[in-house]
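Student: Hey, I've just opened this one up and I'm a bit lost. Can you walk me through it?

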Amino acid sequence: MNMDTISVDGVIRSDHGHDPARSRGRSVEEELEGFLRVYKDGAVERFSYVVSDVPATEAPQEPVASKDVVMDSRTGVWARFYLPRKALSRETKLPLLIYFHGGGFVLGSPAWSIYHVFMSRMASHTNSMIMSVAYRLAPEHRLPAAYDDCFGAVKWVRRQATHERSHASWLSSSADFSQCFLAGDSAGGNIVHNVALQCARVDVKPLQMRGLILLQPFFGGENPCKREVEMSETDTNLTQRWVDVFWKLSLPVGAKRDHPACNPLAMSLRDLSLPPVIVIISEKDLLKQRNLAYCQALKNGNKNVSHVMFKNVGHAFQVLNPDSQRIPELLSVLGDFINKNRSASASTM
């Protein structure tokens with residue numbers, strides 16, 4: 001990605017405006033043009049030049065209703081819920097997808113317009129309720145803060161499930177807690193893996209985790225994967241420069257790229273208790289080889305894992321390129337995975 005121009009939704013936008021902060025001579029530590037600026041004094045600025053927030057009331061094209069719910073007033077963690085409108089007038093219970101957005105752990109929100117559109121499409125096409133979680137971001141809150149917030153969201157759902165009168169009325173009326181899925185793209189896919197590890201260590205009943213959905217998960221490592229550098233030249237959605245900044249700002253201070261938060265292969269995956277896993281991989285993605293290696297490690301550990309490769313698309317295309325002709329195919333794949341596993345014998349993590 002050219003750092004002077006940002007491409008989202010197929011539109012090139014540039015920021016050449018006057019910057020008062022820079023004119024005051026503040027020293028910049030890191031910058032992702034159009035999105036983020038981190039100063040050496042610790043201050044952080046995030047911008048909406050490229051992607052703007054939209055309210056839950058923003059009407060998508062899909063027949064889906066949405067609303068925001070605060071889960072933890074202390075940390076500010078909240079979620080945006082999506083429910084197919086036809087479920088509002090029926091007593092049918094739907095699978096619940098707990099979704100974690102991407103953004104390298106330093107960017108993103110369920111309120112971003114591109115996520116609002118994709119969540120609405122996914123809820124409609126998979127006939128599921130979606131809870132899209134807004135977790136705390138780095139560098140203000142480095143890992144494992146995002147993992148803790150997202151696991152806390154799972155525990156919050158569990159509390160709602162054990163109360164006859166849930167504060168989140170859609171959950172009590174329309175969510176089937178025996179048919180839960182963890183899903184996320186990019187950094188959110190990384191979070192899915194790490195939250196699943198926490199779920200496996202505790203009793204989250206009555207929730208039953210039926211599957212894990214990782215879309216182009218953001219993994220790394222100290223040593224570059226084969227062709228990783230070459231792949232960075234084919235994907236305008238993610239470059240090595242952005243990857244480096246994301247890990248620099250999000251990993252615990254002093255941690256290297258083989259920290260388990262970055263590299264899941266740094267620890268054995270054989271003894272993990274996981275429900276069925278599907279990994280969505282983009283052919284032009286810089287992270288393609290990392291994603292394939294993750295799938296192979298799960299397979300070697302006798303896990304139920306499958307992956308689907310989408311040709312001629314880049315990282316997180318379903319969000320960053322909302323006009324992509326491959327999105328309907330992706331939604332079909334996700335719908336098939338959910339339908340196949342919602343009634344199968346589940347892992348009661």
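This is a predicted model: local features need pLDDT of at least 70, side-chain atom pairs count only at pLDDT 80 or more; totals for chains, interfaces and linings use all residues.

Student: Okay, what's the order of the strands in the eight-strand sheet?

Tutor: The order is S6-S7-S9-S8-S10-S11-S12-S13, in an open sheet with mixed pairing. Strands (E, at least two residues) and helices (H or I, at least four) are DSSP runs numbered from the N terminus, and two strands pair if DSSP finds at least two bridges between them.

Student: Which strands stand at the edges?

Tutor: Those are S6 (64–72) and S13 (305–310); each has a single partner strand, so one side of each is left without a neighbour in the sheet. Ignoring direction, neighbouring strands here are turned by 20 degrees against each other on average. Axes are lines fitted to C-alpha atoms, for helices over the stretch in contact, and angles run from 0 to 180 degrees between N-to-C directions.

Student: How many bridges join S7 and S9?

Tutor: Five, with S7 (residues 77–84) and S9 (residues 129–134) paired in the antiparallel sense. Phe-81 has Met-131 of S9 as its bridge partner.

Student: And which strands does H3 touch?

Tutor: H3 packs on the sheet against S6, S7, S8, S9 and S10 (175–185), and its direction makes about 45 degrees with that of S7. Helix H11 (residues 327–342) also packs on this sheet, touching S8, S10, S11 (209–215), S12 (277–282) and S13, at about 160 degrees to the direction of S11.

Student: Switching over, what's the order in the three-strand sheet?

Tutor: That open sheet runs S3-S4-S5, with antiparallel pairing. Its edge strands are S3 (28–32) and S5 (44–46), each pairing on one side only. Neighbouring strands are turned by 10 degrees against each other on average, direction ignored.

Student: Which helix packs on the sheet there?

Tutor: Helix H8 (residues 240–250), which touches S3 and S4; its direction makes about 130 degrees with that of S3.

Student: Now the core. Which residues touch the most other members?

Tutor: Phe-100, Met-131, Val-154 and Leu-182 do, out of the 109 residues in the largest nonpolar core. Helix H4 (residues 145–161) gives the largest share of this core, eight residues. A nonpolar core is a set of buried Ala, Val, Leu, Ile, Met, Phe, Trp, Tyr and Cys residues joined through side-chain atoms within 4.5 Å. Buried means under 20% relative accessible area, exposed over 50% and partly exposed in between, with a 1.4 Å probe and protein chains only.

Student: What is Met-131 in contact with?

Tutor: Setting aside neighbours within four places in sequence, Met-131 is in contact with residues including Met-71, Phe-81, Tyr-99 and Trp-156. Contact means heavy atoms within 4.5 Å.

Student: What about His-101, buried or exposed?

Tutor: His-101 is buried, at a relative accessible area of 1%. You'll find His-101 in the loop between S8 (94–100) and H3 (113–126).

Student: And Asn-291, where does that lie?

Tutor: Asn-291 lies in helix H9, and at 0% relative accessibility Asn-291 counts as buried.

Student: Last topic: how many aromatic pairs does the structure hold?

Tutor: There are 13 aromatic pairs. Rings of Phe, Tyr and Trp (its six-membered ring) pair if their centres lie within 6.5 Å; planes under 30 degrees apart count as stacked, over 60 as edge-to-face and the rest as tilted. Phe-35 and Trp-112 make a tilted pair, 6.1 Å centre to centre with 45 degrees between the planes. Phe-35 is in the loop between S3 and S4 and Trp-112 in the loop between S8 and H3, so the pair ties together parts 77 residues apart in sequence.

Student: Which residues form one aromatic cluster?

Tutor: Phe-35, Phe-105, Trp-112, Tyr-147, Phe-218, Trp-242, Phe-246 and Trp-247.

How values were computed:
Residues are numbered from 1 along each chain as its sequence is written. Side-chain values use heavy atoms; hydrogens and water are left out.
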